[in-house]
Amino acid sequence: MSVTENVDVALVAPRYLAGGGDPTWITAALHRACDWSAQSNWLVPRVLLTSPDRNAVLHLGPDPDGPWWVLQHAPVGEQRAWSVSFGARTPVEIIAGLTDALTGPATAQASAPDPYEPLRQAGWREGHDDEGLTSPDGLAHVEHFTHGPTDCWFARTAVSEDPEGLIWRAYLSG
């Protein structure tokens, strides 16, 4: 008799420094386990997956000047359209966390949880100018930006403030 066990192994800590990883962690799971349809053209190095309800589209493609991962979701009922984009070196574990939440069973909540709370519990502190939160090592930063109709989230990991020091970044529309 064989016993299957899920083992959570982090080969790089903290995970936001893990690098891009294998994109099939995301694409294969969405396609095979969650029935997202794939559009492929073997002559073009990109992946385009569409959710079964046709409300979400994931685009993965090499773009030297822009994000490699873009997930767009159409408006549904009271929920407005939203999108998220990730740079090429964003760890697939982070992107998979988002797609897992998107494809998992919906849970009813009385109110939205504070998205900063898990970071605070992990030792993240107020960022520069009291904007967002910064990781204990100072390399990663998450910020919620609101101004008028603008409501978005930014996350970035960098070894310095210099543009050359950027490792990866993500943008999430409100």
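Which residues does A155 touch, not counting residues up to four places away in sequence? The tour comes back to this after a look at the whole chain.

**Before selecting anything**

This is a predicted model, in which local features need pLDDT of at least 70 and side-chain atom pairs count only at pLDDT 80 or more, while totals for chains, interfaces and linings use all residues. Residues are numbered from 1 along each chain as its sequence is written, and side-chain values use heavy atoms, with hydrogens and water left out.

**Whole chain**

Show the protein as a cartoon: there are three helices and 10 strands, in the sequence pattern α-β-β-β-β-β-α-α-β-β-β-β-β. Helices (H or I, at least four residues) and strands (E, at least two) are DSSP runs, numbered from the N terminus. Of the 174 residues, 28% count as buried. Buried means under 20% relative accessible area, exposed over 50%, and partly exposed in between, with a 1.4 Å probe and protein chains only. Accessible areas come from the Shrake-Rupley method with a 1.4 Å probe; for residues, only the protein chains shown count as cover.

**Stop 1: A155**

Select A155, in strand 9. A155 touches H141, V142, W168, R169 and A170, leaving aside residues up to four places away in sequence; contact means heavy atoms within 4.5 Å. A155 counts as buried because its relative accessible area is 15%.

**Stop 2: the largest nonpolar core**

Next select I26, W36, L58, W69, L71, W124 and V142, which touch the most other members among the 26 residues of the largest nonpolar core. Helix 1 (24–33), strand 3 (56–60), strand 4 (69–73), strand 5 (82–86), helix 2 (92–103), strand 8 (140–147), strand 9 (150–158) and strand 10 each supply at least two residues of this core. Such a core is a set of buried Ala, Val, Leu, Ile, Met, Phe, Trp, Tyr and Cys residues joined through side-chain atoms within 4.5 Å. Keep W36 on screen: its contacts, not counting residues up to four places away in sequence, include L30, L49, P52, L58, L71 and L102.

**Stop 3: S135**

Go to S135, in the loop between strand 7 (133–134) and strand 8. Is S135 buried or exposed? S135 is buried, because its relative accessibility is 0%. Its side chain reaches the backbone nitrogen of L139 at 3.3 Å. S135 also touches Y16, W124, R125 and A140, with residues up to four places away in sequence not counted.

**Stop 4: two loop residues**

Most residues other than glycine have a negative phi. Select D35, in the loop between helix 1 and strand 1 (37–39); its phi is near 60 degrees, a positive value. R54, in the loop between strand 2 (47–50) and strand 3, has a positive phi near 65 degrees. D35 counts as exposed because its relative accessibility is 57%, and R54 is exposed, with a relative accessible area of 55%.

**Last stop: a surface patch**

Finish with F145, F154 and Y171, which make a nonpolar surface patch of about 250 Å². Patches are made of residues with over 30% relative accessible area and no salt bridge: like charges are joined within 9 Å, nonpolar side chains (Val, Leu, Ile, Met, Phe, Trp, Tyr) within 5 Å. A salt bridge is a side-chain nitrogen of Lys or Arg within 4 Å of a carboxyl oxygen of Asp or Glu. Y171 lies in strand 10 (residues 166–173) and is partly exposed, at 31% relative accessible area.

Note on methods
A polar contact is a pair of N or O atoms within 3.5 Å; within protein, one must be able to donate a hydrogen and the other to accept it, and residues adjacent in sequence count only if both atoms are side-chain atoms.
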